[in-house]
Amino acid sequence: KEENAVQIDPARFLSDLHELRKFGASGVGKGVVRPAFSEADVAARRWLAGRFEDAGLRVAVDAMGNLFGLAEGPSLLMGSHSDSQPEGGWLDGALGVVAALEVARAARDSGGPAVSVVSFQDEEGRFGVTTGSAVWAGHLSQQDADGLTDHGGVTLAEARKSVAGMVTGALDPSQFTGFVELHIEQGPTLITAGEQIGVVTDIVGIRDMKITFQGQQNHAGTTPMHLRKDAFQAVSAFNTLLNARFRNVVTPSTVWTIGHMSLHPNASSIVPGRAVFSMQWRDGDVDRLDRMEAIIRETAQEVATTQGMALSYGSLLGLDPVQMDSGLRGALERGAEDVAGGKWRQMPSGALHDATNVSRLMPVAMLFVPSIGGISHAFEEDTDEDDLVAGVRVLAKAARGQGLTLC
């Protein structure tokens with residue numbers, strides 16, 4: 001070990017990670033149900049706040065529910081998020097928060113460097129796209145965010161009342177020198193290659209909006225097929241046309257998804273009169289994202305006109321692609337070589353992360369560890385504990401300062 005090395009405690013780190021999983025544990029494997037602002041989410045944030053205090057960090061919570069554990073003076077910010085998908089795994093976001101806590105307290109035990117911790121709120125998009133960090137970074141105003149609704153019609157303004165008692169006030173980002181986020185890969189690249197660490201080069205851009213086809217609700221038994229204005233059939237036709245029209249525009253890494261749809265009145269014997277669905281697309285090139293938007297809107301309008309539908313759109317949400325900071329990325333690469341000796345790679349992130357928003361404020365970098373089976377956003381999500389610990393060790397290397405090396 002290098003002289004003055006600070007010792008990360010793997011057992012302490014893993015114990016906290018498993019303890020956090022208990023908040024919203026699904027009972028199925030290591031699954032977690034901890035959506036933003038839910039009872040489980042708020043309880044987890046209160047528990048984390050206690051762990052931050054135990055580590056000698058000052059707890060701060062802004063109006064969005066973003067939870068910070070602050071070191072004294074200027075510091076490197078580390079963390080991720082602790083909310084989950086409606087049915088999620090135990091590591092998505094949670095890993096980055098607990099790993100940051102372990103690095104922060106290990107550094108403090110040895111007299112430095114200063115590391116602060118954050119758990120951003122609503123990264124998983126109950127109300128939008130990485131909502132908590134978007135508001136903190138100024139990408140989205142609190143007023144505009146408060147008007148966003150979840151799929152059940154609940155507004156963010158109403159939901160965030162659940163954390164009102166924790167709020168301490170706004171937090172100035174100028175106290176942080178940079179942001180580093182450890183995360184599971186959520187894909188198959190590392191696990192397939194037998195590699196332990198991925199150092200992120202860039203994060204793809206994303207666009208997301210709701211589309212509504214308004215047709216005519218009618219009797220399913222007596223309405224002839226040629227007279228129907230079936231909103232679901234409009235969605236089906238739109239999806240088929242869209243896939244064909246994207247063919248000469250997209251690349252093998254481009255993705256698009258209709259992930260949520262609601263039909264009204266959603267009954268077996270009624271021709272659905274309205275279909276509201278999510279349309280999301282991701283790519284590393286802004287121009288391609290814009291071309292895809294134009295195709296989406298043109299195709300939706302064509303279907304609406306052909307099938308006699310009214311067409312409307314929700315707000316277009318999204319973030320542009322982001323390059324990682326070369327300095328922080330270099331620190332992670334050196335740490336990866338020290339810890340994983342040849343079993344690491346540079347790689348892009350196809351998933352969106354809070355680091356995208358934070359890049360508006362300060363230099364950012366990201367680190368990945370393998371996902372078993374490439375599975376995430378599911379109860380089966382998991383990572384070997386040796387890989388989890390390796391990720392913390394590499395993360396700690398990036399916090400080098402004041403002549404100390406975290407390892």
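Asp16, Glu19 and Leu20 in helix 1 meet Ala44, Trp47, Leu48 and Arg51 in helix 2; contact means heavy atoms within 4.5 Å. The residues of this contact divide into four nonpolar, no polar and three charged, where Ala, Val, Leu, Ile, Met, Phe, Trp, Tyr, Cys and Pro count as nonpolar, Asp, Glu, Lys and Arg as charged, and the others, Gly among them, as polar. The model is predicted, with local features needing pLDDT of at least 70 and side-chain atom pairs pLDDT 80 or more, while totals for chains, interfaces and linings use all residues. Residues are numbered from 1 along each chain, and side-chain values use heavy atoms, without hydrogens and water.

**Ser133**
- Ser133 lies in helix 4 (residues 131–136) and counts as buried because its relative accessibility is 0% (buried means under 20% relative accessible area, 1.4 Å probe, protein chains only).
- Residues touched by Ser133, not counting those up to four places away in sequence, include Asn66 and Asp354.

**Met292**
- Met292, in helix 9 (residues 286–307), is also buried, at 0% relative accessibility.
- The C-alpha atoms of Met292 and Trp281 are separated by 7.9 Å, eleven residues apart along the chain.

Key: Helices (H or I, at least four residues) and strands (E, at least two) are DSSP runs, numbered from the N terminus. Buried means under 20% relative accessible area, exposed over 50%, partly exposed in between (1.4 Å probe, protein chains only).
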